[in-house]
Structure formats: C-alpha cells, structure tokens
Amino acid sequence: MAEMSSAGAPTAMPSSTIEKRNWFSTFGNQLFIMLKRNTILQIRYTKSTLSQTVLAPFIFMLLLFILQKADHANQKKSVYNPAEAPLQGVYGCQGAEEGDPCINIMYTPASPEINNIMTTFATKNAERTEQPAFATEAALSDVSFLPRTAMGMVPVANSQFIYDYALYNPNTTAWGITFTDIAGPPRNVAYQVWYNSTNAANGTDIYGQQLVAIMRGLDEAIISVLNNQPTTLAVTLKDWPLIPPKTLSDTIIQNLGPVFFFCSEMVIFINVLNLIVTEKELKLRHGMEMMGLKSSVYWVSHFLSNSLLVLVGAFVTAIFGLIFGFFAFKETNFGVIIFTFFLFGEGMLMLAFFITTLVRKARVAILIGIFVFIIGLLFESFVFSSSFVGYIWWDEGTSPTAWKILIFFPFFNFGKMFLDITTYTTGRLDTLTNTFIPGPGFAWSTLFQSLPNDLRPTYGSGSTPDVPPPIDSWRFLLMNMLFYGVLTWYFDCVIPDEFGWSLKPWFFLTPEYWGLGRRGKSQGALDWLRREKKNSNTEIATDEDKDVRDERLRALDEAYNPAVRIVNLRKVYSNGIVRKKHDKVAVKDLCISFEEGKLLALLGQNGAGKSTSMNILSGLTPATSGDALMYNYSVRSQMPEIRNIMGVCPQHDILFDDLTAEEHVRLYAGLKGVRKDTWDTLVEDRLTAVRLWKVRKQRAGTYSGGMKRRLSLVISTIGDPKIIFMDEPTTGMDPVNRRHVWEFVEKFKKGRVIVLTTHSMEEADVLGDRIAIMAHGRMRAIGTSISLKSQHGSGYRVSIIVDPENSELAKRKIAEMVPSAVLEDDSAGALLYQFPAPHGNAGKQSDLAAFIGYLEGPSSEPGAPDIVKDDDQNGPWWVKAWGISQTTLEEVFLRLIRNANPQGYSGYEQNNQQVDSQLDLLRRRSLRSSLSRPTRRPNAGASSNPVVQESGYKKS
Ligand SMILES: Nc1ncnc2c1ncn2[C@@H]1O[C@H](COP(=O)(O)OP(=O)(O)OP(=O)(O)O)[C@@H](O)[C@H]1O
C-alpha cells in the first residue's frame, strides 16, 4: 500500500479510543465479551437455562426413580395367603444365602405312623436321589431357632408352627408337610405340601419336578406304611408366605437409564442447534462479525458457555442420582459419573455445532435434531437396555465395520459406558435364594479393567462377549469432541453462507489463513488499479451521464487518492454454477470514489442494487468481479482489516431481542476493542444523541421499529469507524427523531466516509454532500443536490396570482419581458411559468433574476440597485402574490428513473405515463407550497437550500 501513499495518502485516522492489541489479546478480550453476552442471555433465558441444567436432569431422574420404585413395589408385594392348587422326591435344601444352613422338610404331626411314613419317604427318596437320606431331627418348638447345618426332617407341633417359622425365618425351610389323618375305614390320608413357587417362576424348577417328586415319594411311603388298608389320598399344595429380600437390584436404571439420560442431554443439544442456527438466520452472527468479531471467538465462546451448562447438568444428574439412592450413582466413583456425563454432553455439543454448519434455517436444524434424537433413542432403548444386547455391539466378532461407524456417535459410546457402570453396580437378585447380591462397584481403577467374566452376559452357545475396558468409551467420547470440532471448523469455512462467502476447500493449506503470508494481492494497489482500468467496461460509456463518466475516470485515476475507491464492482446472482441468461446482474461495473468528511447518499428504485452494493462493500456478499479499496485495504481479500475501520447499519435490524440498548453498545464496544474507560461516556453520548438514553435499560425486543433503527445506527458508529455504511437508516422513524438522527449523522461524518442509502429525497437532500442515483445496477447520475437539480431538473417555476380580469395583461407583459418563460398552467388567475434549466446558460439565468427583481419591485434596502422600474413601488400592480420554486430532488429522481426505464419498470410496477402524472402532481404541489407563505421577503431558512423555494406577497 506504500504506492498509494506516495500518491497522497488519505488523511490519517483521528486519535481513537481503540486499544492496539495483538492477536491473543484481541481474542481474549472478544472472548470475555462474548462470554459475558452469552451469560447475560442465559440469565435472561432463565427458563431455558434451568430446563437444560436442572429441570431436564431432575425430571428424567425423577421418572426413573418413580419407575424404579414401582418395580420395587411390585417385587416387594407380599402374598400372605397364596391360592391352593390340587396336584400330584427331592434334593438337599439351600439357605437364605448360598451355603447357609437350612431345613429340608418340616412336618406335622409327629405321630408314630407319620414318623414312619416320613422315614419310609426319606429312605426311598435317598435311593432315588443317590444322596444321603434326610435324617429325622429332634422336634422343634421355638420359631426363632436357627439351623446350624443342613437339617433333614424336623417334626413340629402343628401347621401353624410351620407357617410362623417360615414367616420368622424366610428362605430357611425348603418343604413343609401337614398331614391330616382321618380315622376310617377307609383311611383318608390328606396332606398339604408347602412349596416355594418362586422356584417355578424363576426357572429353578420350571416344570415343578421337585414338587411332583416329593408328592410321589410321600404317596409311596403312605401306601407302603398303610399296606392292605383301604385308603384314599388327598393332596393340596400351598406356597410359602412370600417375603421379599430386604434389598432389590435397580433393574430399571440399568434398563432405562441410558434412554432417560440421553433424553436429558438432548435438551441442551436441541437448544444449541436452535440457538446457533437462529443467530445465523437472523444474521446476528454476521452482525457481530461485521463489527470485528473473530469467528474463532464466536465458536469458543459458545463452546465454553454451553460446556458450563453441560457440566452443571452432569453435577445435577450425579447429585440427584445420589439423593434418589440409585446403585449406579452410589456405588460409582463420583469423578467417573461426572466425567461420563460431561464427556457425553460435550460429544453431543460438538455434534450439534457440526450440524449447525450444514443448515441455515432453525426449522431445518430442529428437524435434524429430532432425527438424531429418534436414532439415539432407538439405540439407547434397544441396544443398551441390557448387557445382553449392549455388549454384542462391542464384541470384536460381531461387526467391526458397524462398530467403527457407531463409535462416531456419542450416544453409542455413552450407552456402553453407562452399561459398564450399571453392570458393576446394579447387583442382582439370586434367583435360587431370592436374595440380593450387590455388584462389585465402579472404582476409578475399574475404568482400566476388562469386564470380569461373571459380569458378562452368556449367549446361547455359552460364549461371552469380548468387551473393551470402560476407559475406551471415554477415549471415543473425546475423539467425538475433537472429530466434530474439526468438522465444525472446516465446514464453517467451506460451506458458503447465505451471502455466498466461503473459503476454498484447501484453505488450511494456505499460509494466508494462518496469518503467515501476505493477505490479498501480491501486486501493489496501483498495479491492481491499472489492471482494473484495462478491464473497465467501455460498453457502458456510450449512454453514460457526463458526471457518472467523470466519476468513473476519477475512480480509475492513479494520481487521485480517495479514502474509498470502488472500481468495476459487479455482482451477478446466479442460480447455478453455469452462468445463465437470466442470471440477475444486481450491480454493473460500479466505479465511484469517496472522500473523508463527506456523505454520499445513494438513491435508487427498489431493486436498483443499492443494498447489494452496500453488502459487497461491508463484506456481507462477495463481488463477482471488481474490487474496492478502503484506506488501501481490498474488500476482496482484506475484509478483517477493513472491519476494524468500518461500521455498518444494515437494512434489517440485527439486534438481540434480549439485550438492552446499553448492553448492545457495550457488547460492540468490546468487540471493536474500544478502551473500557470510555464505555460509559460512549453509552451516554450515543444513546442521548439518538434519544434512547431513557430506555437504555429496556430490552431491544420491546423497542418500536424506529427505536430499533436508531439503536442499529448507534451500533454502526461504535469504535471510531472510518467508513460507515447506512442502509436506509431512518426507515420507520417519526419526523422528530429523524431530524435528531440527521443532526447526529451530520456531526459524526467529520473525518469519516459515510455512504447512506435512502428512499427519502428529503434525507438525501439534507445529508448528502453528494447524491448518486442508481437504476438497474448502474449509476445514472451523481453530484451535489444543486448540480443534480440543475443538470436533470426542469429549472425554476414561478407562480403568479392575479385577478382573473388582469390575467391577459399579465401574460402579455411576462411574454414581452421573458420570452423564454413557458406558461404551464393558467386557471382563474393562477399562472404557472416554467423557466428552463439554465445548464450554464448565463443569459437565461439573468432573465430569471431580472424577472424576480421585477416582481419584487425596487429594493427597500439602501444602495441596492433597482433592476426594473415599474409603476408600483412594490412591484407590478397586477400581481397579487407570487412564488418561485426549483425542481425538487424527487422530480429529478423520477425523471432519471423514467429515462432509465424507457419501457416502464417493474420495480415500481407502473409505467412512464404514471410517472408523468406523478411529475405533474409534484409540479402542482410546488405551486401550492410556493404560495403558501404570506411574507413579502423570502424565508430562506425554511428550506435546506435557499434557492429552492422563495415567495413574495403583494399587498392589494
Ligand atoms: N440473494 C439474492 N439472490 C438473487 N437475487 C438477488 C439477491 N439479492 C438481491 N437480488 C436481486 O438483486 C437486485 C438488487 O437488489 P438490492 O437488494 O440490491 O436492491 P435495492 O436497491 O437495495 O432495493 P431496495 O430499495 O428495495 O432495498 C434485485 O433485483 C434483487 O431481486
């Protein structure tokens, strides 16, 4: 850029409140500001933040708790009187815990005959089972008696004792037999068998073979003992009183935990998708980047803010898990729990970040989120609901390819980790003895151990899965974070945003990306200019306006060094890769230059290309060809540098609904690197200037349209920008506020370049040092308000009111005096004369001056020359009132637009006839307004341009 300096560098930047910082310092500063913003928003979105961090973990944990309790309640149901079931030997008993002493058979009554039957039974049973025969023990009468060894057959007093003993010492006695011997003949021997039906239910004795065996054995013994006596047999069965074990296993947590905790995490996942894509959709991110925010800061700030939510969520989950007393939480190292939930949350967070780079609409992002949710839900419910299915996926023998794909999904890795935790901690119910066997627990060291064989599921063939140690799940979750982090960074750069910006797919291989090479063009700015000059489209020169051509040549002039130089800027909106005939050329080879301290007002019909030009210059849209140099930085390749000296007030407000005006100013001041000690003054000055001071603590979402516009305008002025682009800044403002804004802009433009687009002719007239008018992507006219009016306007109009009977006299006199004046309207004494635009014709200008002097009469000011003598000291006697007006900017605009659209134009959806009638309307309006002031001397101050409108009043 040294070349440009030699040709006379633009004015040095004024002393600024911007702190000079290196890359790290800027990064740290912006990160701090962004984190503060995120925190404010998270606090503002209290419900959403609490839902993600506290409510979701709590609700899902509560649901699990309720389900677990329901399951426990179901298992703990006591059945004191199970129904009897009529029915038709026997192995040694098992105590409450494996190896505990027990009683094989308790029987009653202990009559000699029954004793005989039982001994016969024991002998015959021993033959069948090839086990030692059950011994007949001493009679028992104490219900609190605890066997020390496995006892054979214990006679007791009555049936009630058997029942009471079973209640008192559950899981101690295998069988109870109550005989009822009714005297005969015939002898009717009835007996009842107490049987533990759980054995049948839990699969230990699925066909009730033991039951059939004991009954057959007893029947056999009865028949043997009562040989030759007529006998009938009656048998009833009865379950033992069902007394559940004191501790139950958390099967619900084991089966449903992965699903519920996955759902809990999805709340943050979907919120992140929505938040980031909404910021993209509402262009909030672009707005901040235009104000200098680094995209790395944007991502890191979101990562840190959301990681905090994930961490809080992990703690809340762990604490509620402990409060609810789940084994998975109680029996697991606290650090393991926190890390597992944190890493899972982080993996999902990065997956969400990655998805946001692929979509532009929040609606689509949420749809993708729901899709991920359903897939994850299916996985967690069908795959990780039991170790039986869950571990199959992790066994090398199953499908290494499927496994290699699945480990890229955080929920797959979390499912395995949680399965490991529950497998180690849930414990199990011993089906044989109906007692709870606790798991070994999950210590920190467990992370590195393979699952012990006895905890692995056993498949049909008797094989067990080969399961990697739990730490592998953590490794894969970390891998997920890094993988999706890198994808987010890459795709965020290469996928074009909605304005078409993207980096080349190999951007990371270029030194420029890492700030090592020189950004932008290798040749100097002058070389570039020469090249662009050659590229300059001569085609447009044929019907080009002289001022526009001069402006183009000036922009291409190497000796001239303006603050901003736009050369051959062109934008084509194309629907496909191949250029088509109906591609929209929104800006056609625009050449223009801006100087410091001047404001350029850009006018044009709808769709003329104003916003597109502004968007290219503010770095929102890439140009198809051409370039602009702003303080010698190229828009094409040095946008980060330009952003440091640029402010933008976009056409559509880019504001955070939940931040106040004051917070907006502080946020952008921070992003721009404004010295912190000046923030208070900045807030007060700027907000007072646009009359937002009183509502500075009110959230922007509650502002009216005009208030939002004023805040957007203030934002564009933060950080001492050298160039400010204001796209229709006063749209929707009331006249009072608009004037305040004009005053603010007028004061602010010193030492800066301001480009403003507007549809308000008044605004362009008041603010524009130069006004450019665009149509169909081309500049049609440029110049000061006065020069545009004189170049493209219809000149001056003089309206004269006379009495109708003097009308002919007046017309005759005027025709004699100023033959060039054209009578445009004559109705009932109201005469409207058109004085052609002088266009440098001094003769015609003096005609007009002389005629005005004639109307005014001899000057009352001493020494002033009398231009025309007349018979009345106050001017011609036949003139009752008169007025003069110049062409308005609106008329100039309409004329230029009409000329640019010889076939009529669709932008306004009207044809040239309608434009002509509008011009006529404007003419009449100017007549009315020129006669509306009853003062003899013109009130020059009433207009922004003293020559625009004057009026005189003749006393009758
Ligand atoms: N993203 C886009 N894709 C295709 N065409 C576009 C796109 N943006 C703008 N255009 C077209 O480019 C032309 C110029 O649009 P632009 O928004 O620059 O006009 P404008 O002068 O700012 O209009 P307005 O005064 O209505 O804001 C229009 O015809 C418009 O339809």
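Helix α20 gives the largest share of the shell around the ligand, three residues. The model is predicted: local features need pLDDT of at least 70, side-chain atom pairs count only at pLDDT 80 or more, and totals for chains, interfaces and linings use all residues. Residues are numbered from 1 along each chain as its sequence is written. Helices (H or I, at least four residues) and strands (E, at least two) are DSSP runs, numbered from the N terminus.

Stay with the ligand. Which residues surround the ligand? They are Tyr573, Lys584, Ala586, Gly604, Asn606, Gly607, Ala608, Gly609, Lys610, Ser611 and Thr612. Two elements give two or more residues to this shell: β9 (584–594) and α20 (610–617). By class, the shell has three nonpolar, six polar and two charged residues. Here Ala, Val, Leu, Ile, Met, Phe, Trp, Tyr, Cys and Pro count as nonpolar; Asp, Glu, Lys and Arg count as charged; the others, Gly among them, count as polar.

Now step back to the whole chain. The protein chain has 31 helices and 22 strands. Of its 956 residues, 41% count as buried. A residue is buried if 20 or more other C-beta atoms lie within 10 Å of its own, exposed if 12 or fewer, and partly exposed in between, with C-beta atoms placed from the backbone.

Take Ser625 as an example. Ser625 sits in strand β11 (residues 625–630). Ser625 has 14 C-beta neighbours inside 10 Å, so it counts as partly exposed. Lys571 is 54 residues from Ser625 along the chain, yet their C-alpha atoms are separated by 6.9 Å.

Next, look at helix α12 (residues 334–358). From first C-alpha to last, the 25 residues of α12 reach 37 Å, close to the 36 Å expected at 1.5 Å a residue. That expected span is 1.5 Å times one less than the number of residues. Why is α12 largely enclosed by the rest of the structure? Because 19 of its 25 residues are buried.

Finally, compare two helix pairs. Two packed helices are described by the angle between their axes and the distance between the axes. Axes are lines fitted to C-alpha atoms, for helices over the stretch in contact, and angles run from 0 to 180 degrees between N-to-C directions. Helices α4 (residues 112–129) and α7 (residues 209–225) have axes that come within 8 Å and cross at roughly 125°. That makes α4 oblique to α7. Helices α13 (residues 362–383) and α16 (residues 410–425) pack at about 20°, with axes 10 Å apart. They are therefore roughly parallel. Angles under 35 degrees count as roughly parallel, over 145 as roughly antiparallel, 65 to 115 as roughly perpendicular and the rest as oblique.

Terms used
A residue is near a molecule or strand if its C-beta atom, placed from the backbone, lies within 6 Å of it.
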